[in-house]
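Please read the points below beside the sequence and the model.

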Amino acid sequence: MTTGHDTRLDSFNDTGLDPFNTKGGRPEDPDMTATDQRADEPVLDPAAREGAELPTERTVIFDVEELNVYYGDFRAVRDASLKVHKNEITAFIGPSGCGKTTLLRCFNRMNDLIETARVTGSLRYHGVDLYHPKVDSVEVRRQIGMVFQKPNPFPKSIWANVAYGPRVAGLAKKGPAMDDIVENSLRKAALWDEVKDRLDENALGLSGGQQQRLCIARAIATDPDVLLMDEPCSALDPIATTRIEELMHGLKDDYSIVIVTHNMQQAARVSDRTAFFSVEVNPESDTRTGILVEYDSTQKMFSNPADERTENYVTGRFG
Amino acid sequence: MALTTIGTAARQGATAFTRQRRDFAGGLFKAVILLSLIVSLAVLAVLIVDTVADGWAQLSTRAWDFLNGSLRSRSIDDKLGVKQGLYGSLWIGIIVAASAFPVGVGAAVYLEEYAPKSRWSSIIELVIRNLAGVPSVVYGLLGLFLFVERSTIFGFLGLGWLADATGGRSVLSAGLTLAVLVLPIVIITAQEAVRAVPTGLKEGAYGLGATKSEMVRTQILPYAAPGILTGTLLAMSRAIGEAAPLILVGAISGGLTRNPDVWDTSGLREKFTALPIIIVEWVSERGRDPGFATAAAAAIVVLLVLVLLMNMTAILLRNRFEKKRG
């Protein structure tokens, strides 16, 4: 460790906690100070949300500041800053190529899998710099689950799909403990009643909507803190989409959810806060960089956005 | 204008869409490609039928004795047979599978999943592809220096012990030489199988907190297994049919002191022969003793059946794994 690195090390952990150590379990909320007791209050019902401002002092899960994502020399996201709050659903909307999926994939370090990807700026999860060299991306992904655009169940039994995460994390082995995890996860994902009699069957035999709920159950099974959803309904029909949206409302009592969606109505229906991204075309290199235009409560974003571009987008004038 | 034409046609009724002219070029093309299929199948059929007919005298009267017999100097000998060759070929196949399979799969997984994509990795891939096309005699020469003789170069590289371990001109040397020969093929087919694993499965595993090695073990290898297995077994079939490298590493066509049973591993480090060598030898003997032509044809049938059995195993295994993968 060089001395030049020490300042970075300090910023790795302001809190004296090390959430990605091998002890497992959820990190303590470093921001859980006296002023933050409201985080424990029941979350507002979406219906009761109308007209109500969201509590701004709710615990911050992700604190993104001036984040840039590059693929090689190409800048995919420029200077994004936003805060994701606990037990809320945060939606990222915007036209294609605006960097919303790229940003989402920073939250669990999925971008690490792309060799040329590079991130600058600060992305803090409960105060911890996610891109600090000491942070292990595998530990990050155990706490920050992800559901992908296309349902991607493993070609194994339904049971084995849900048990996969807990098994690689060493939470449980085959047996009653694992059976409990599988049942609870499937119940939370509203899939248990449909599959309880055929847990041994191949997951690929399920319908698309069931497969996606299985993927949600699979992500829940590792007991994550956050669920990242990358256009989870784009491959599903309207009925399956409705079921997933209902499911998300139920899930946010236990998890914080960040969802990327192409579908503005979906963002309006499910989310508490919405971030609108747009595309900035660089005339010199003809590349397209995503920028965060506006981030506010969903209610404000869809009724009275501050930025004209947001208004044009949500009213359907472009995109 | 085009729209009005269609509109008129529609008003005139369906007759407007009946075929106005015969598609002669299309028909000719279809006939030519069908003919190419028939020609290739016919050549193969004639070869097989001819060989079986030639060897029938041996196969119909003393098939079991032929399988259990050994190399003899006269074709009418009661004990003439291919057991020594079968022993050599079978063990060559086993050694090839046991050594080329793990090394090839390992190399393929490394190249696809671990190696950073750089100019070096593309050069290495190019080299492997070219190695797959190197004539087998060259591999025979390599085998001779690496596994049979204690050559100066490999002794210098610290590999001189290999020749001692294999016992020189032995089945072990032959198997290892042919393993090196088919290794590029195994790597290339395994690479293709690994590359075919859907990104969704890999991301799904990573997203649940799997490490890279867990992802490879639980997603890549099971999904790629059918492709890898097929590639390996086809490579084995190729190795079993090779004759040239075996001549160089010292397969002999006479003077074998032993006729070991299939599971007698003590013969592995001794002088050996193999089916392709026996075939070459007997074909060259037929001028002196015409009965060897029949024996050679019968040996070819034995070799063909062996290779067909392996290919069938490959297909059955692939189907089984593919069914599992859903």
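1. Helices (H or I, at least four residues) and strands (E, at least two) are DSSP runs, numbered from the N terminus. Two strands pair if DSSP finds at least two bridges between them. This is a predicted model, in which local features need pLDDT of at least 70 and side-chain atom pairs count only at pLDDT 80 or more, while totals for chains, interfaces and linings use all residues. Residues are numbered from 1 along each chain as its sequence is written, chains are lettered from A and ligands numbered from 1 in the order in which they are written, and side-chain values use heavy atoms, with hydrogens and water left out.

2. Chain A holds an open sheet of 10 strands with mixed pairing, in the order 5-4-1-2-10-9-3-8-7-6. At its edges are strand 5 (128–129) and strand 6 of chain A, each of which pairs on one side only. Strands of a sheet pair through backbone hydrogen bonds, either parallel or antiparallel.

3. Strand 1 (residues 60–71) and strand 2 (residues 74–85) of chain A run antiparallel and are joined by eight bridges. Within this pairing, V64(A) has L82(A) in strand 2 as its bridge partner. The two strands form a hairpin with two residues between them, and G72(A) in the turn has a positive phi of about 65°.

4. On to the next neighbour in the sheet: strand 2 of chain A pairs with strand 10 (residues 287–297) of chain A in the parallel sense, over two bridges. The bridge partner of R78(A) in strand 10 is I291(A).

5. Strand 10 of chain A also runs antiparallel to strand 9 (residues 273–282) of chain A, with 10 bridges joining them. R273(A) stands opposite S297(A) of strand 10. Strands 9 and 10 of chain A make a hairpin with four residues between them; D286(A), in the turn, has a positive phi of about 55°.

6. Four bridges link strand 6 of chain A to strand 7 (residues 226–230) of chain A, and the two run parallel. Here G145(A) has L227(A) of strand 7 as its bridge partner.

7. How many residues of chain A are in contact with chain B? There are 25, and they touch 22 residues of chain B (contact means heavy atoms within 4.5 Å). The two chains bury about 1700 Å² between them, 58% of it on carbon and sulfur atoms. Buried area is the accessible area (1.4 Å probe) that two parts lose on being put together, summed over both. E115(A), P155(A) and Y164(A) supply 26% of the area that chain A buries against chain B, more than any other three residues.

8. Six residue pairs, both members at pLDDT 80 or more, are in polar contact between chain A and chain B. A polar contact is a pair of N or O atoms within 3.5 Å; within protein, one must be able to donate a hydrogen and the other to accept it, and residues adjacent in sequence count only if both atoms are side-chain atoms. Helix 3 (137–143), strand 6 (144–147), helix 4 (158–169) and helix 7 (208–220) of chain A each supply at least two residues of the side that touches chain B. The largest share, four residues, comes from helix 4 of chain A.

9. Over all chains there are 21 salt bridges (a side-chain nitrogen of Lys or Arg within 4 Å of a carboxyl oxygen of Asp or Glu). E203(B) lies in helix 9 (residues 199–207) of chain B and R105(A) in helix 2 (residues 100–107) of chain A, so this pair joins two chains. Their side chains meet at 2.9 Å, N to O.
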